[in-house]
Amino acid sequence: MKSINSFRQTQSLSHKLSLAVAAVCGLFILNFLGLYISSRDSLKSVTKLYQVGQMNAGVRNLKQVGALLVNSLKKPSDTSNEALGEIHIQIEVQFTTILQARNNTPELLELLGEARKRLDELKRMEQLELSKRNLLVIDQLSLEMQESLNRSQVLLNTLSEETFASVYNTRYQPLVASISLTLLFLVFAIWRGRKIHDHFENSLNNLLGATTAVASGNLDHSAPIIANDEFGRLTFAFNGMTRVLRETTVSKDALMRANKELEAFSYSVSHDLRSPLRSVDGFSMALLEDCSDKLDETGKRYIERIRNAIQKMGRLIDDMLDLSRLSRADLNITKVDLSECARAIAKDLTEENPNRAVSFKIQDHVEADADPALIKVVLQNLLSNSWKYTSKHPKALIEFGKTTVNGQSAFFVRDDGAGFDMAHMQKLFGPFQRLHKETEFPGTGVGLATVQRIITRHKGTIWAEAAMEHGASFYFTL
Amino acid sequence: MVRFVVFLILAFAISARAEDLVVIVNAENPVTEASPAEIRDYFLKRKRTWPDKSDVRFIDRTPADSLRKLFLTNIINKTSRDLELFWIGQKLYSGDSAPLQEADEKMVIDFVGTFKGAIGYISSTTALTSKKVKALRVP
């Protein structure tokens, strides 16, 4: 952890991704902004076009209303006072409508002012009696009013055409702006995405290469740190992990070498001990046979005890040699019928001690992939232990089979014998470790150590459950 | 000899033409003289105001009037047909309308006398009795 913390990260992938997302959002906003700016003039022109159309309609209406006013001046009898009032109102309404429009130009206002002046002059003529009204003057004023309005219409038409031309000329502008900005956005997104993709790919390939190298056993491989971001941090941590693994592997190798040397030494010592032991055994037996007349009873008893100890030591040496052999022998894995093997062992045990009331309950067709010779040693030890530790009970049941423990399939050997105290469980599989007194149950304390070593060599595990005087259950996997 | 006769005929024609129409303006109009080109500009609405900024109001004569033909030929330099087309074009492209037309000379004189900026033309034979109008000298 310390080595990981010592890595100084100056960049952050999440920061880079956030920047990319921010850039994409910015481009989206830019796109909308560009679309708005490029459309703004067109939208304004369309609005102007609408207003010009409204003004044009106002001028047209004003011309018609003006004509009605002129007609009322020439022929008052054709127009009622109410109609005349309505004409006056309409004149005001139309003028107001036109003047309220936003696109009034000074020239247009001047023309409308002239028209207004003529209309006012015409309205003043209403005050004159009919006989005093000069029709030619009325016609002239009417002509001038109409002319001003005509010129206003021409001006509005020109304005309308120009505005429409402006809309027409810029009709592709929003589309072009949108497409251009979208292309820009796409190019940026592709460029940025490609860059991020390359960075991810390079970093992952770098880590993948390092992982593959380490997995193939090259613990000296060190991945180069190509960026000071999370990948760099991960690579740094990976290199740290590889370093620790390398150191552990070196220690393990040294341990294995030491174990092998120890096993070789143990074998050598055991083997070499047998020769002087045989001499001591032979001479002690010769002493008993050839010099029995010279020995008193005490001497004979001592020599007997010496011989018993020698035999026990011989058994110990044999067990040690067996344990050593098991550790060094090559495994020959094949399909083994464990039920058959267990039955054979049970038969041997029963035949050796026919007086005992022991029942065997062995499941059929329990098979496993194992070394036949070694797995037989396992079953031999476990079943013999069960046989031994049920010897104090008048009746006993020994079982063998396959079961499931905590979701894991496991083989078991169970008995209802003396059992043991689970508090001493850690000593159970240690060599020369015994949970019972020699006088109660004889043995060298090597059997379960041998069993564990065989199970371990099969990449399996072994454990036990027991209670004093309630039997023991041994479970193992292969 | 022939050249002399032609000269006499042309001289007679010009003097006769000049005597046929008189351009009149309102008596309050400070202008006393206007060239045919200036009168043409006023008639065709190329100029809309007098030097004193009063609006030009031209009163024309009816197409059947022989004086009008003379006016168009001598001053405007257009035929009646050309002028008609001209005003159609003007109405379409600038909104201008042709001046009012009046057959009666008295009405013409009244009109010119009514508006300060009015201008018209009458026969030279018509007696100019109204004090509200005056003849414009056309060089």
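How many of the 139 residues of chain B count as buried? The share comes to 42%. Please keep in mind that this is a predicted model. Below is a friendly tour of its pocket, its surface patch, its salt bridges and a few local details.

**The largest pocket**
- The largest pocket holds about 940 Å³ of space.
- Its lining has 40 residues, and those closest to the centre are A:Asn381, A:Asn385, A:Lys388, A:Gly443 and A:Gly447.
- Four elements of chain A each supply at least two lining residues: helix 8 (297-328), helix 10 (372-389), helix 11 (447-457) and strand 7 (472-476).
- Helix 10 of chain A gives the most to this lining, with 10 residues.

**Helix 11 of chain A**

- On chain A, a nonpolar surface patch of about 700 Å² is made by A:Tyr172, A:Leu175, A:Val176, A:Ile179, A:Leu183, A:Leu186 and A:Ile190.
- One of these patch residues, A:Leu175, has its place in helix 6 (residues 173-215) of chain A.

**The layout of chain B**
- Chain B has five helices and five strands.
- Read from the N terminus on, its elements follow the order α-β-α-β-α-α-β-α-β-β.
- Helix 4 (residues 80-93) of chain B is where B:Ile88 sits.
- B:Ile88 counts as partly exposed because its relative accessibility is 47%, which falls between the 20% limit for buried and the 50% limit for exposed.
- From B:Ile88 to B:Ala98 there are 10 residues in sequence, and the C-alpha to C-alpha separation in space is 8.6 Å.

**Salt bridges**
- Over all chains, a search of the whole structure finds 27 salt bridges.
- One of them joins the side chains of B:Glu33 and B:Arg137, at 2.1 Å from N to O.
- B:Glu33 lies in the loop between strand 1 (21-26) and helix 2 (36-43) of chain B, while B:Arg137 lies in the segment after strand 5 (133-136), so this pair ties together parts that are 104 residues apart in sequence.
- As for accessibility in this pair, B:Glu33 is partly exposed at 37%, whereas B:Arg137 is exposed, with a relative accessible area of 52%.
- A salt bridge also links the side chains of B:Arg68 and B:Asp60, at 2.9 Å from N to O, and both of these residues are buried.
- The side chains of B:Asp65 and B:Arg61 meet in a salt bridge too, with 3.3 Å from N to O.
- B:Asp65 counts as buried because its relative accessibility is 17%, and B:Arg61 counts as buried because its value is 2%.
- Elsewhere, salt bridges that share partners join A:Arg118, A:Glu121, A:Glu144, B:Asp55 and B:Arg57 into one network.

Terms used:
Residues numbered from 1 in each chain as written. Chains lettered and ligands numbered in written order. Predicted model: local features only at pLDDT ≥ 70, side-chain atom pairs only at ≥ 80, totals over all residues. Heavy atoms only, no water. 1 Å grid on protein atoms, 1.4 Å probe; cavity = no way out; pocket = protein on both sides within 12 Å on 5 of 7 lines; lining within 4 Å. Points joined across faces, edges and corners; volume = space filled by probe spheres on them. Patch = residues over 30% accessible without salt bridge, like charges linked within 9 Å, V, L, I, M, F, W, Y side chains within 5 Å. Areas by Shrake-Rupley, 256 points an atom, 1.4 Å probe, with all protein chains shown as cover. Salt bridge = Lys/Arg side-chain N within 4 Å of Asp/Glu carboxyl O. Buried < 20%, exposed > 50% of the residue type's maximum accessible area, 1.4 Å probe, protein only.
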